[in-house]
Amino acid sequence: MAASCYVYPVGCPAYSALATTKACQRALGSVNTAVGLKFKSHSLKSSSCWVKNRGWRCQPIASLPLVEGDGKSKDPTEIDGCSVETQKVKELPPKEPERDFAGTPCIPVYVMLPLGIINEKCELVDPETLTKQLRTLKSANVDGVMVDCWWGIVEGDNPQKYNWSGYRELFNILHKAKLKLQVVMSFHECGGNVGDDVNITLPKWILEIGKDNPDIFFTDREGRRNKECLTWGIDKERVLRGRTGLEVYFDFMRSFRMEFNDYFEDGLISEIEIGLGPCGELRYPSYPEKHGWKYPGIGEFQCYDKYLKKSREKAAEARGHSLWARGPDNAGHYNSKPQDTGFFRDGGDYDSYYGRFFLRWYSQVLLDHGDRVLSLANLAFEGTRIAAKISGIHWWYKTASHAAELAAGFYNPSNRDGYAPLAQMLKKHDAAFNFTCVELRTLVHEEGFPEAMADPEGLVWQVLNAAWDAGLPVASENALPCFDRDGYNKILENAKPRTDPDERHLVAFTYLRLSPTLMEEVNFNEFKHFVKRMHGEAVLDLESLNVFS
């Protein structure tokens, strides 16, 4: 009888508090207990799945007792001193066969390199280990890798003094490994966000300027500054030791192009992704953890530095309503829910005359920044494809206002398509549209955070169609670490939609990220099968590989 069950190591102190909801297990990825017992990230689809203990034979979960309702097994099984209990959740219909992707279009697969692969002195960290890992990736027929070029490292000490030495060594290794390269122009801080395991600040001389003029940073209504990136209000302001924000970005990009001209010429560098905001994404830093934000808070508007205030005042005067220069005073706080605010609630001020004015202005500032920087990027990288990364703000998507998206700069309430104008702006520059969260399933979020009203699948469908309708090349990446078949299948479904009448598909996929966990045998074998299916190759006997490993 097919059953969905959870397996967790009761006897292991390290996992005594292991959550048993589907969402928590889905997010945990692959975990190892103190005794080497390994569990896959998602709940089981069948009681005939397996538990594998390293160095021991596999044992089918079907042999473990299941209990109806919410009671636990009275006969826990001991594996190497660790109790394993199962709990039956509900009956499920038989699982559908895995989709066969043989003969489908080949989608190149890239892997992001670790964030701290280049240290603050611009030196390559542990090249020997990296070389071995790259050989392993090459053995799986991975097409290439992605690396961040950090502004805070390369131009860290003095303006227009660039140090590319560590990147030169890295690119030489990649060239020998015959792997393609996607490069990110990272004009943002690293540290303090989900997945950040290193701290890389903005250049020291930028931070010095910020001490005297903190308005160069995004600012919330309470006056808190966010030093993740520069405010878009100084794109045309000469406040960076005689240069504007745009000039600083262009000089950095031009220096990279000149330094690595040989690798552009021989085709090693296949794409340049342009950092346009926090985490390299084109959005406002509306949900910073350093200011206390927690999922699924709506976030806050980030437009209270003096430069964006001035821009808003001009827009209000042009509209004939100077009082509209104020920001919304009833939009809640970082962790508010839409219905608890006067601005975002159903029928709230977001859809009033003032609300529509403010949100049009706020989103237009985002579009204008992307437009300006991508224009300069095309000048610096003529002949090479450029890309922009767009974040997947999927929480509160099922509400009318789409509050979290509005705070991030995407004017996408239920009565307006906020991604079509964004796609048209990218089309103007022939830029690829790189979107995140393609591995997430709405059902998992409904079970884990029902109050978030999230719909990642609905968001992905809307965004991909907006980009494809504009004729854009669309690429994607996963938002969270992914090691399991369920997550990979969701990526494949979005990469090669089964029901699309025009047979549209992604042009590339970038996996987040190279890590010791990915390199573990079981996880890497699963990843290799994923790469084959992305490439449109046949994977023999795929069903037999679907084990609890």
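Predicted model: local features only at pLDDT ≥ 70, side-chain atom pairs only at ≥ 80, totals over all residues.

In which loop is the place of Arg513? Arg513 sits in the loop between strand S17 (508–511) and helix H15 (516–519). The peptide bond leading from Leu512 into Arg513 is cis, with omega near -5 degrees.

**Overall make-up**

The protein chain contains 16 helices and 17 strands. Of its 549 residues, 57% are buried. The accessible surface amounts to about 22800 Å², and carbon and sulfur atoms account for 50% of that surface. Among contacts between residues at least 6 apart in sequence, 73% link residues at least 24 apart.

**The barrel**

Eight strands form a closed barrel with parallel pairing, in the order S8-S9-S10-S13-S14-S15-S16-S17. From one strand to the next, the twist averages 30 degrees. Helix H11 (residues 420–428) packs on the sheet and touches strand S14 (385–390) and S15, and its direction makes about 135 degrees with that of S15.

| Strand pair | Bridges | A bridge pair |
|---|---|---|
| S8 (residues 109–112) and S9 | Three | Val111 with Val145 in S9 |
| S9 and S10 (residues 180–186) | Seven | Asp148 with Val184 in S10 |
| S15 (residues 432–435) and S16 (residues 474–477) | Three | Phe435 with Ser476 in S16 |

Is S9 enclosed or open to the outside? Seven of the seven residues of S9 (residues 144–150) are buried, so this strand is largely enclosed by the rest of the structure. In a regular strand the side chains alternate between the two faces of the sheet. Both faces of S9 are covered, with Gly144, Met146, Asp148 and Trp150 buried on one side and Val145, Val147 and Cys149 buried on the other.

**An antiparallel hairpin**

Strand S11 (residues 217–219) and strand S12 (residues 225–230) pair in the antiparallel sense over three bridges. Phe218 is opposite Asn226 in S12. Five residues lie between the two strands of this hairpin, and Gly223 has a positive phi near 90 degrees.

In soluble globular proteins, nonpolar side chains tend to be buried together. Here the largest nonpolar core has 146 residues, of which Tyr167, Phe171, Met185, Phe256, Ile274, Phe381 and Phe527 touch the most other members. Helix H9 (residues 353–380) supplies the largest share of this core, at 13 residues.

Which residues does Phe527 contact, leaving aside its neighbours within four places in sequence? Phe527 is in contact with Val109, Val111, Leu137, Val142, Tyr488, Tyr511 and Leu518.

**Glu457**

Glu457 belongs to helix H13 (residues 456–469). Its relative accessible area is 31%, so it counts as partly exposed. Not counting residues up to four places away in sequence, Glu457 touches Leu440, Arg441, Thr442, Leu443 and Lys490. Lys490 is 33 residues away from Glu457 along the chain, and the C-alpha atoms of the two are separated by 9.5 Å.

**Further backbone features in loops**

A cis peptide bond also runs from Tyr295 to Pro296, with omega near 5 degrees. Pro296 is placed in the loop between strand S13 (269–274) and helix H8 (306–319).

Positive phi values occur at Asp430 and Cys437, neither of which is a glycine. Asp430 has a phi of about 50 degrees and is in the loop between H11 and S15. Phi of Cys437 is near 65 degrees, and Cys437 lies in the loop between S15 and helix H12 (442–448).

Are Asp430 and Cys437 buried or exposed? Asp430 has a relative accessible area of 57% and is therefore exposed. Cys437, at 1% relative accessibility, counts as buried.

Note on methods:
Residues numbered from 1 in each chain as written. Heavy atoms only, no water. Core = buried A, V, L, I, M, F, W, Y, C linked by side-chain atoms within 4.5 Å. Buried < 20%, exposed > 50% of the residue type's maximum accessible area, 1.4 Å probe, protein only. Helix = DSSP H or I, 4+ residues; strand = E, 2+ residues; numbered from the N terminus. Contact = heavy atoms within 4.5 Å. Pairing = 2+ DSSP bridges. Areas by Shrake-Rupley, 256 points an atom, 1.4 Å probe, with all protein chains shown as cover. Axes fitted to C-alpha atoms, helices over the stretch in contact; angles between N-to-C directions.
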